[in-house]
Amino acid sequence: MQPSIQPVHGRPVAPPLIGGEIPLIDVSDFLAGVSGAAEKAAAELRYAFEKVGFYYLAGHGVPRKLIDDTYEAAARFHAQPMEAKLALKVDEHNIGYMPIAEKAPPNAAAQGKKPSQNEAYFLRRERDARDPDVISGRRFHAPNKWPADLPGFRDTALEYIATLEKLCQKLVKLYALALDLPETYFDACFAKPHMILRMSRYPQIDGADESVESLVPHTDSGFMTLLPPNKVQGLSILLPDGRWMDAPGLEDAFVVNGGDILHRWSNERFLSTPHRVRNVSGQLRYAIPFFCDPDHDTMIECLPSCQSAETPAKYPPIKFGDYALWFAAQRYGHMSKVQAPSETEIAPGERATSRWQA
Ligand SMILES: [Fe+2]
């Protein structure tokens, strides 16, 4: 019999802190169904999101070999000739290969930065030509663009995506509990989550030039980002006190953060924390972040547990798909000419980044 899971009202519980700052949350007992484990992990998750916006996820159950194979797949993809990669050039659904930009997109230019120095290849949920959303041309619901000559690449990438999808569908129960909601609160909108696997390759940069970053400081747009352990470091996190902290690499833990939609949905209770990448390691760096968001029909409307007479909702409701399109049009040069909802429609208000720059 499944143990009953109780709400976790009360103060957040401090988990162990890596580097004295970033919580480490072990979910192995929760995933094994141990009584009381969900409540404990949820209380720690609440601490992580109210204080930092990032945490290390241990006990996740994702096989090391699958992670290694996916890094290897990313390296194989980017080792192809440029001609082969450009044959899969990123499209209006943000699927495919994106070379290093020639012109800084708005978020980089606004910070006086040159374009982020990384190439990226984007995969989303696998769809075929018979998928109704493909037939109707629904934005961000198009087929993936697979490389022609990389045996085993597709199978590895799809296994990684499927494994992380299942993990995220379990983790959202902890997010619900951490937000004083029933544990099943997010289940429906993550029944078929919107997912992005980004395979990035970072050349090394000149660390002395402040205008050049591997990935310029930014907050993520969505609900949940998972970064598997990386042999080559480079990620830094902007702590709430304004210090940049290099995130230590842990051998078996994912680095997980929330994004702007979690921040907005929770009425700014859960943080969306700025971060950046600087690859000064002297070698190529690869990253395989997985972004897991609610399906695009989900209405992002202030969660009932995050508003009160004293703390009314700060943002109007929006559909997640509209928000995702608005964000992509702002962030990516190749999306800038796509018709997207206006700033006024999305009414983003004051975003996490601007709050911490004040
Ligand atoms: Fe990010």
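Where is the place of tryptophan 265? In this predicted model, tryptophan 265 sits in helix 8, which covers residues 260-265. Tryptophan 265 counts as buried, because 25 C-beta neighbours fall inside 10 Å and the cut-off for burial is 20 or more. Setting aside neighbours within four places in sequence, the contacts of tryptophan 265 are Ile300 and Leu303. Phenylalanine 223 is 42 residues away from tryptophan 265 along the chain, yet the two C-alpha atoms are separated by 9.1 Å.

Glutamate 268, in the loop between helix 8 and strand 12 (275-277), has a positive phi, near 70 degrees, despite being a residue other than glycine. As a rule, most residues other than glycine have a negative phi. Glutamate 268 also counts as buried, since it has 20 C-beta neighbours inside 10 Å and 20 is enough to qualify. Aspartate 180 is another case: not a glycine, but with a positive phi of about 60 degrees. Aspartate 180 belongs to the loop between helix 7 and strand 6 (194-202). Here the count is 18 other C-beta atoms within 10 Å, so aspartate 180 is partly exposed.

Next, the helix packing. Two packed helices are described by the angle between their axes and the distance between the axes. Helix 7 (residues 153-178) packs with helix 3 (residues 64-79) at an angle of about 135 degrees, the axes being 9 Å apart. Helix 3 is therefore oblique to helix 7, and the crossing of the pair is left-handed. On the helix 3 side, the contact is made by Leu66, Asp69, Thr70, Ala73, Arg76 and Phe77; helix 7 answers with Phe153, Thr156, Ala157, Glu159, Tyr160 and Thr163. Sorted by class, the residues of this contact come out as six nonpolar, three polar and three charged.

The contact of helix 2 with helix 7 has nine nonpolar and three charged residues, and no polar ones.

What about the core? In soluble globular proteins, nonpolar side chains tend to be buried together. The largest nonpolar core in this model has 95 residues, and helix 7 gives the most to it, with 14 residues. The residues with the most contacts inside this core are Ala41, Leu45, Tyr55, Leu174, Tyr175 and Leu197. Leucine 197, for its part, touches Leu123, Ala157, Tyr160, Ile161, Ile288 and Phe290, leaving out residues up to four places away in sequence. Ala157 and Tyr160 turn up again in the contact of helix 7 with helix 3.

Finally, glutamine 307 lies in the loop between strand 15 (299-300) and strand 16 (318-319). Glutamine 307 is partly exposed, because 16 other C-beta atoms are within 10 Å. Beyond neighbours within four places in sequence, glutamine 307 is in contact with Asn267, Cys302, Pro312 and Ala313. Glycine 36 is 271 residues from glutamine 307 in sequence, and in space the pair is 27 Å apart, C-alpha to C-alpha.

Terms used:
Residues are numbered from 1 along each chain as its sequence is written. This is a predicted model: local features need pLDDT of at least 70, side-chain atom pairs count only at pLDDT 80 or more; totals for chains, interfaces and linings use all residues. Axes are lines fitted to C-alpha atoms, for helices over the stretch in contact, and angles run from 0 to 180 degrees between N-to-C directions. Helices (H or I, at least four residues) and strands (E, at least two) are DSSP runs, numbered from the N terminus. Angles under 35 degrees count as roughly parallel, over 145 as roughly antiparallel, 65 to 115 as roughly perpendicular and the rest as oblique. A crossing is left-handed if the near helix is turned anticlockwise from the far one by less than a right angle, and right-handed if clockwise. Two residues are in contact if their C-beta atoms, placed from the backbone, lie within 7 Å. Ala, Val, Leu, Ile, Met, Phe, Trp, Tyr, Cys and Pro count as nonpolar, Asp, Glu, Lys and Arg as charged, and the others, Gly among them, as polar. A nonpolar core is a set of buried Ala, Val, Leu, Ile, Met, Phe, Trp, Tyr and Cys residues joined through C-beta atoms within 7 Å. A residue is buried if 20 or more other C-beta atoms lie within 10 Å of its own, exposed if 12 or fewer, and partly exposed in between; C-beta atoms are placed from the backbone.
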